[in-house]
Amino acid sequence: MTPGTMHARASARANIALAKYWGKADLEHNVPAVPSISLTLDQLVTETEVCFVEKLESDIVVLDGRPTTAPEAQRAIAMLDRVRRTAGLRWKATVASSNHFPTSAGLASSASGFAALAAAATRAAGLELDSEALSVLARRSSASAARSIFGGFVELPGGQPGQRSLAARQIAPERHWDVRLIIALTATGPKSVSSTDAMERSRKTSPYYQAWVEHAPRWAVAIKRAVCDRDLAALGSAMEQSTFAFHSCAMTAEPTILYWNQATVAALRTVSGLRERGVSAWSTMDAGPHVKVLCQAADAPRVQQALDRTPGVLETRVARPGTGIEVLS
Ligand code: ADP
């Protein structure tokens, strides 16, 4: 390593929430109000390089080869500051990160982005954190990033205000269940309202938000049991309810937030039509217009073909269960 520099590189994969996360119990400490369960995906990868430099005057953050916007830089620098405080380090850093999929588009770039940044920044600063501590650090920047520290099936409990130590944990490794997630992209460009803003607006203004917070733990329990039992129909049914319930909160916020477009609805109909023909395929969506479909590996070609033929679907990708963070150098 060049004298006056401390450097590391790490990768992480995005995850799809099977039991959805929506709403915060504590904004400052970024504590989720409800439990969530996710599947880490092999396809949606972020690679991040962090270099602390003795002579650098300010942090420089580059995302996908472009300078970051002010809010993006602020979020990344807030994590660097936490790492510097823990390591007793003052040096500023350069961060270069690439998402090998669209950023801010409802494909959970914040999950893989902050998981990779947590892993790279702590290693570059000379810290050796275990997965639980990395998950706590990642959660401060993005609750879903706490789950991307781990591979396979992962849960993040809901928390209480001020609960600083909340971390995700693995329920089952990626080899536990050979499912596929088909991602149907229905739009290009960033989503209309960021997840953080949309959650807060839902919490403050939707009359359905309290009902969501009360019901979400039941879906999480059902989904965890279904993951352990490899019961796709039970998982899929609870996952669809969880998805439509949180979108109902967004839609009934003031002003309303509607992430769906015509192709979203068409893709959802394709999936329910497949089920009517005996294919166990189940939809979920995040804060964005894309539809993600969970099915058995053997059914993936048929599900992908049906989505490819759906009017307005621009592209499909097939993801498998993926691994957690990797420190590359
Ligand atoms: P998404 O659906 O892609 O997660 P969000 O609006 O929830 O969309 O989060 C996108 C934000 O996450 C970006 O604006 C940026 O602040 C942050 N982000 C995304 N990718 C990275 C990355 N690789 N490194 C650091 N921050 C990232």
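Analyst: The mean positions of the 36 positive and 30 negative charges of the protein are 2 Å apart. This is a predicted model, in which local features need pLDDT of at least 70 and side-chain atom pairs count only at pLDDT 80 or more, while totals for chains, interfaces and linings use all residues. Residues are numbered from 1 along each chain as its sequence is written, and side-chain values use heavy atoms, without hydrogens and water.

User: What makes a residue count as positive or negative here?
Analyst: Lys and Arg are positive, Asp and Glu negative, with His and the chain ends not counted. Each charge is placed at NZ of Lys, CZ of Arg, CG of Asp or CD of Glu. On this basis there are 36 positive and 30 negative charges.

User: Why does the radius of gyration agree with a compact globule?
Analyst: The radius is taken over C-alpha atoms, and the globule rule is 2.2 Å times the number of residues to the power 0.38. For 329 residues the rule gives a value near 20 Å; the protein has 19 Å, and therefore agrees. Its C-alpha trace spans about 65 × 40 × 35 Å along the principal axes.

User: What percentage of the residues is called buried, and by which cut-off?
Analyst: Buried means under 20% relative accessible area (1.4 Å probe, protein chains only), against over 50% for exposed and in between for partly exposed. By that definition, 55% of the 329 residues are buried.
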